[in-house]
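Thanks for coming. I will go through one structure this morning, beginning with the whole chain and ending with a few single residues.

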Amino acid sequence: MSSTVPSGSQTLLVCAVDELPPGQVRKVDAERPIAVFNVDGVFYAIDDTCSHADASLSEGDLEGHLVECPWHVSRFDLRTGRPCSLPASKPVRTHAVEIRDGNVVVLVGTAPQLADGGARNVS
Ligand code: FES
């Protein structure tokens, strides 16, 4: 599969698709760490650092499309990055995810292409 990486974005290789099964998350170290989630076979990427303080969202509980911050339990929607409960009031960034040659790849700084913000493994 070929795709064009928009200028200004950073491409991050996360892992093989098989290494991130449904219900799991993987944190990727980058200038700003990224959390990549598999929700029923659809991959979502958001900033790992909670917008309220410095908690790592990849350490939170995942329920459907929502991840709960491990520190003060704000819940964020992986599809939009928006918080659904206080104390967080600002969204976290969402990033496009692609499946390339069986690998999960994040285009940091690029808005998700699918309406629901995720990427599916169609191979
Ligand atoms: S650090 Fe996430 S809600 Fe406070």
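What follows is a short walk through this predicted model.

Some ground rules before the details. Residues are numbered from 1 along each chain as its sequence is written, and side-chain values use heavy atoms, with hydrogens and water left out. Since the model is predicted, local features need a pLDDT of at least 70 and side-chain atom pairs count only at pLDDT 80 or more, while totals for chains, interfaces and linings use all residues.

pLDDT is the predictor's confidence in each residue, from 0 to 100. The chain has a mean of 89, and 84% of its residues reach 70 or more. Residues 1-7 have pLDDT below 50; in the model this stretch has ten contacts beyond near neighbours in sequence, a contact being heavy atoms within 4.5 Å. Where pLDDT is low, predicted coordinates should not be read in detail.

Now the overall layout. There are ten strands and zero helices in the chain. Of the 123 residues, 41% are buried. Buried means under 20% relative accessible area, exposed over 50%, and partly exposed in between, with a 1.4 Å probe and protein chains only. Among contacts between residues at least 6 apart in sequence, 40% join residues at least 24 apart.

One hairpin is worth a look. Strands β2 (residues 25-28) and β3 (residues 34-39) run antiparallel and are joined by four bridges; two strands pair if DSSP finds at least two bridges between them. Five residues lie between β2 and β3 in this hairpin. Arg-26 has Val-36 of β3 as its bridge partner.

Next, Leu-12, in strand β1 (residues 10-16). Is this residue, Leu-12, buried or exposed? Leu-12 is buried, because its relative accessible area is 10%. Leaving aside neighbours within four places in sequence, its contacts include Val-28, Ala-30, Ile-34 and Val-106. The C-alpha atoms of Leu-12 and Ala-30 are separated by 8.3 Å, and the two residues are 18 apart along the chain.

On to the loop between β6 (66-68) and β7 (75-77), which holds Ser-74. Ser-74 has a relative accessible area of 1%, so it counts as buried. Its side chain reaches the backbone nitrogen of Ala-88 at 2.8 Å. Not counting residues up to four places away in sequence, Ser-74 touches several residues, among them Cys-69, Leu-86, Pro-87 and Ala-88.

Pro-87 sits in the loop between β7 and β8 (94-100).

Val-73 is also in the loop between β6 and β7. Its phi is near 60 degrees, a positive value in a residue other than glycine. Val-73 is partly exposed, because its relative accessible area is 45%. Asp-101, in the loop between β8 and β9 (103-108), is not a glycine either and has a positive phi of about 50 degrees. At a relative accessible area of 74%, Asp-101 is exposed.

Last, the cysteines. Cys-15 is buried at 5% relative accessibility, and Cys-69 is buried at 4%.

Conventions: Helices (H or I, at least four residues) and strands (E, at least two) are DSSP runs, numbered from the N terminus. A polar contact is a pair of N or O atoms within 3.5 Å; within protein, one must be able to donate a hydrogen and the other to accept it, and residues adjacent in sequence count only if both atoms are side-chain atoms.
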